[in-house]
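User: Can you walk me through the ring contacts in this one? Start wherever you like.
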Amino acid sequence: MAPLALLSVSNKTGLIDLAKSLVEEFGFDIVSSGGTAKALKDAGLPVTKVADYTGSPEILGGRVKTLHPRIHGGILARRDIPQDVTDLEENQIRPIDLVVVNLYPFEETIAKPGVTLGDAVEQIDIGGPAMLRAASKNFAHLTVLCDPAQYNEYLQELRQNGASSLEFRQKCALKGFLHTSSYDQAISEYLGSLTSTETVPQQYSISGKQIQALRYGENPHQQAGWYQTGSTATGWAAASKLQGKELSYNNLVDLEAARQIIAEFTDKPAATIIKHTNPCGTAIGNTIHEAYTKAYNADAVSAFGGIVALNQPIDAATATELTKIFLECVVAPGCNNEAQEILAKKANVRVLILPDLLTGPKQNIKAVAGGFLVQGADDIIADTSKWNVVTEKKPSDTELEELLFAWKVCKHVKSNAIVIARDYTTLGIGAGQMNRVGSVKIALEQANGGAENAFLASDAFFPFDDSVRTAAAAGIKAIVQPGGSVRDEDSIKAANELGLIMVFTGIRHFMH
């Protein structure tokens, strides 16, 4: 008896070539349904429609066609179990040797603008996942393919061995289960987004498809991969790389840190330079060239080997400056032709175009022993109208804007975090210290005597007045901090005594 293949695919990439090889090289009979059967017939290939094979017509507008004992019996039969073989014979069911199934394009459908719930529901596949799961379960006796990328490898198995190996079938079964798992997750996430407002739901799942095997992780002895969530590329997976080497694990981590900072600035040209997820220079300018130059000069030593993010397209003047120093990556929403030609002189620098710098993940996920933690993204927008000026001296509108700039940058510095800024440019950054006094001292040292009339932001409250006094001695004129310490009055008293402005935001921005 000829081997039997069941083909039922939404994505018809490679379908005709596969079916032609199955029929002409290996003598398969083919059973198929709906659009797949039509495509095969139009290509001149012999095919039996599922309805003719089962003796049951497609019903409910095609919702029910493959859910039939002649289909699932042929898939699930264990050929080494006599009773299973007898059941097949008594019910005139042929064993199926190959199942080729991919699913309705649910994720592609919900990604379309204006899609309705009804449209989405109709793209929830039922028969496809049932066949995939059944075939994957019975991998000991048949092969299941759910991705066109598998077709050639399967044909090579037949050409070399006359049949697919158990190892290959088991590998395909795993992919089948992963495929149905991610498909179900996409459906549950979509329905959850319509019915739930919870940022942290009672049940949380995550899955992704590896889009790149990275050379290594944070260190050469650590393996790493880059995964895309969903079938439609978004975020960094959708960025275009104009030039440069492949992205590394550390590149991607730093790029995301850079994106988060630059997303804070939408009204004016802004630039940030990142090292080890912390900003070493961030600035706003009248042009993107001015913004980058100010950010670079904020800490030219640390900028070497950094990651640059710009919130406006790269122009020729900015590109020229970018080529004057070794950089790992540059990302911007665009890049004109002249700038591309200039950047090409530094062929190794990775230049990425990410038009949407603003949209990031809604949750942050961190692995811990025995599970993982989920929290909502720290995407609250600072509102100075809700800030509380707690000192006798009040900030002008310009001073308030300067404090806002320092506060936005400080939000993205590892805690304990201190940022000193002036003229919408960072002067000194104290990051990740075990005590806040240490972060203040580091930030002031980086400012290198330039803290006179500058602005200081702290990601959390001052537990004592010592940092206020240290800042005032260096010439700081205004401080923004969350407030909330039991010793707030000590800090306020010191600020009044020293003639400083102090503003409480009421919001903390720890970043661990």
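Analyst: Let's start with Arg70, which lies over the face of Tyr53, 4.2 Å from the ring centre. A charge counts as over a ring if NZ of Lys or CZ of Arg is within 6 Å of the ring centre and within 35 degrees of the ring normal. This is a predicted model, where local features need pLDDT of at least 70, side-chain atom pairs count only at pLDDT 80 or more, and totals for chains, interfaces and linings use all residues. Residues are numbered from 1 along each chain as its sequence is written, and side-chain values use heavy atoms, with hydrogens and water left out.

User: And what sits over the ring of Tyr424?
Analyst: The charged end of Lys268, 5.8 Å from the ring's centre.

User: OK, ring on ring. How many aromatic pairs are there?
Analyst: Six in the whole structure. Rings of Phe, Tyr and Trp (its six-membered ring) pair if their centres lie within 6.5 Å; planes under 30 degrees apart are stacked, over 60 edge-to-face, the rest tilted.

User: Why is the pair of Phe265 and Phe405 called tilted?
Analyst: Because their planes are at 40°, with the centres 5.6 Å apart. Ring pairs also link Phe265, Phe405 and Tyr424 into a cluster.

User: Are Phe265 and Phe405 buried or exposed?
Analyst: Phe265 is buried at 5% relative accessible area, and Phe405 is buried at 2%. Buried means under 20%, exposed over 50%, partly exposed in between (1.4 Å probe, protein chains only).

User: What about Trp387 and Trp407?
Analyst: They form an edge-to-face pair, 6.4 Å centre to centre with 80° between the planes. Trp387 and Trp407 are buried too.
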